[in-house]
Amino acid sequence: MSTAPRLTALDALHRSLGATMTDFAGWDMPLRYASERDEHNAVRTKAGLFDLSHMGEITVTGPQAAELLDYALVGNISTIGVGRARYTMICQEDGGILDDLIVYRLGETEAASSHYMVVANASNAQIVLDALVARAEGFDAEVRDDRDAYALIAVQGPESPGILKRLTDADLDGLKYYAGLPGTVAGVPALIARTGYTGEDGFELFLKPEHAEGVWKALTEAGAGVGLIPCGLSCRDTLRLEAGMPLYGHELTTSLTPFDAGLGRVVKFEKPGDFVGRKALEAAAERAETAPPRKLVGLVAEGRRVPRAGMAVVAGGEVIGEVTSGAPSPTIGKPIAMAYVDASHAAPGTEGVGVDIRGSHEPYEVVALPFYKRQK
C-alpha cells in the first residue's frame with residue numbers, strides 16, 4: 001500500500017511558483033523552479049532561498065542530556081558552548097555510520113537542564129530518533145521528536161547576510177559559522193543558525209510551521225533587489241558536491257566508518273567514558289593509519305560525459321573504485337564526481353584514471369576535495 005508523501009508548510013507556495021516537485025525521503029519537495037543552473041549560480045554569486053523542512057529535528061533535554069549525547073554520538077558534545085553547533089555522526093556498534101548530524105546547544109532550562117537540538121537527514125530521522133531513545137536508557141534525559149514543531153528555511157549565498165539584516169534584530173555580524181542564536185525574522189521568533197550545505201555563507205532559520213510562508217515572502221521581498229531566487233533540491237546537490245560535502249546514502253553509509261570516509265576527525269576518543277562504537281572505531285582508525293583500503297577523492301572529467309553514482313572507476317583495465325556522486329559542475333564548467341578509489345590511485349594528479357560510462361572508459365583527473373572553496 002502506497003503512502004502519500006508529507007507536505008511542508010510551504011507546499012502551496014512552491015506550487016504557485018511553478019516548482020517541479022519530487023518525492024524525497026517521504027516528503028514532496030521542490031526539485032527546481034526553473035533552471036537548475038540559474039539556481040546554482042544564484043547561490044554562488046548572489047543568494048538562493050531553500051525550503052528544508054524535511055530535515056529531522058530531535059530535542060534532547062535533561063540534567064544528563066550532554067552525557068547521553070556523548071555516549072550516543074561520536075563527538076564530544078559536552079564541550080559545545082551555548083549558542084554553538086557541531087557537525088558529528090551517530091554510528092552503529094560496528095562503527096558503521098547511521099547518519100551525519102548537526103547538534104545545536106540551545107542553552108539551559110529549569111533545574112540545570114541542558115537543551116540540545118539534533119538535526120538529522122530526512123531519510124534517517126526516524127532511525128536516529130529510535131537510536132537516541134534506545135541509548136537514553138539509564139540517563140536522566142528526555143529525547144523528543146520535534147519534526148512537526150519546525151519549518152526550516154535557508155538563505156544561502158554572498159548576499160544572504162545583507163538580506164537577513166533587513167528582517168532581523170539579531171547581531172548577524174557577531175554570529176560565527178556553526179553558531180545559532182534566538183531572534184526574530186520578519187517579526188516572528190526563530191533560531192537563526194549560520195550553517196548550510198552549499199559551500200557559501202548563509203543561514204538556516206528554524207521557526208514554527210505557521211510562520212513559514214510569511215517569512216519566505218519577506219525574504220523574497222528583501223532579496224529581490226540583489227538577485228535572490230527560490231532554489232530546489234537539485235541545485236542543492238550540485239552545490240554541496242562542488243564543496244566536497246558528503247551526502248548520506250552516497251559518501252556515507254552503514255558499511256563505512258567515519259575513518260573510511262576520511263572524516264575520522266569527528267570521532268573524539270579523548271572524551272571521558274564509553275560511547276557506542278568506540279572499540280570498532282579504534283580499530284578502524286588503526287586500519288586507516290596503516291593501510292587504508294580506499295580513499296574519497298574528487299574526479300574532474302576531461303570530456304563532457306557525466307559520471308553517476310555506482311559507476312566503476314578504472315585504471316589499467318582494472319576496477320579501482322566507485323563513483324559515489326557525480327554531476328555537471330556549473331562553477332567549474334566540467335562534469336565532476338566524488339569517488340572511493342584504491343589508496344594507490346588517490347593522489348591528486350594520478351594518471352590513467354577513468355570512469356566506465358556505459359562501457360566507455362572516459363578519462364578523469366584525480367583532484368583533492370573540495371572542488372570549490374569560497375573566498376572569505
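Tyr178 counts as buried because its relative accessibility in this predicted model is 16%, below the 20% cut-off for that class. Tyr178 sits in the loop between H5 and E11. Its phi is positive, about 60°, although Tyr178 is not a glycine. Most residues other than glycine have a negative phi, and most peptide bonds are trans.

A positive phi of about 55° is also found at Ala186, again not a glycine. Ala186 belongs to the loop between E11 and E12. With a relative accessible area of 35%, Ala186 is partly exposed. A further backbone feature is the cis peptide bond from Leu369 to Pro370, with omega near 0°. Pro370 is placed in the segment after strand E20 (360-367).

**Accessibility of individual residues**

| Residue | Relative accessibility | Class |
|---|---|---|
| Cys91 | 0% | buried |
| Cys231 | 2% | buried |
| Thr61 | 15% | buried |
| Tyr178 | 16% | buried |
| Ala186 | 35% | partly exposed |

In soluble globular proteins, nonpolar side chains tend to be buried together. Here the largest nonpolar core has 31 residues, and those with the most contacts inside it are Ile153, Ile192, Leu205 and Leu219. Two or more residues each come from strand E4 (47-51), strand E10 (151-156), helix H5 (160-165), strand E12 (188-193), strand E13 (202-207) and helix H6 (212-222). H6 makes the largest contribution to this core, six residues.

Apart from neighbours within four places in sequence, Leu219 is in contact with Leu49, Ile153, Ile163, Leu164, Leu167, Leu205 and Leu228. A second, separate core has 23 residues, including Val60, Leu129, Leu132 and Ala136.

**Thr61 and the cysteines**

Thr61 is part of strand E5 (residues 56-62). Its relative accessible area of 15% makes Thr61 buried. Leaving aside neighbours within four places in sequence, the contacts of Thr61 are Ser113, Ser114, His115, Ala141 and Glu142.

No disulfides turn up in a search of the whole structure; the number is zero. For Cys231, the nearest cysteine sulfur is that of Cys235, 4.2 Å away, and Cys231 is in no disulfide. Cys231 counts as buried at 2% relative accessibility, and Cys91 counts as buried at 0%.

Strands of a sheet pair through backbone hydrogen bonds, either parallel or antiparallel. E1 and strand E3 (residues 27-32) run parallel and are joined by two bridges. Arg6 has Trp27 as its bridge partner in E3.

**The second largest pocket**

The second largest pocket holds about 290 Å³ of space. Its lining has 20 residues, and Leu106, Tyr150, Pro182, Ala190 and Leu191 lie nearest the centre. Strand E7 (97-109), strand E11 (180-185), E12 and E13 each give two or more residues to this lining. E11 supplies the largest share, four residues.

Note on methods: Residues are numbered from 1 along each chain as its sequence is written. This is a predicted model: local features need pLDDT of at least 70, side-chain atom pairs count only at pLDDT 80 or more; totals for chains, interfaces and linings use all residues. Side-chain values use heavy atoms; hydrogens and water are left out. A nonpolar core is a set of buried Ala, Val, Leu, Ile, Met, Phe, Trp, Tyr and Cys residues joined through side-chain atoms within 4.5 Å. Buried means under 20% relative accessible area, exposed over 50%, partly exposed in between (1.4 Å probe, protein chains only). Contact means heavy atoms within 4.5 Å. A disulfide is a pair of cysteine sulfur atoms within 2.5 Å. Two strands pair if DSSP finds at least two bridges between them. On a 1 Å grid over the protein atoms alone, a cavity is a set of points where a 1.4 Å probe fits but cannot get out, and a pocket is an open set with protein on both sides within 12 Å along at least five of seven lines; lining residues have an atom within 4 Å of a point. Grid points are joined across faces, edges and corners, and a volume is the space filled by probe spheres set on the points.
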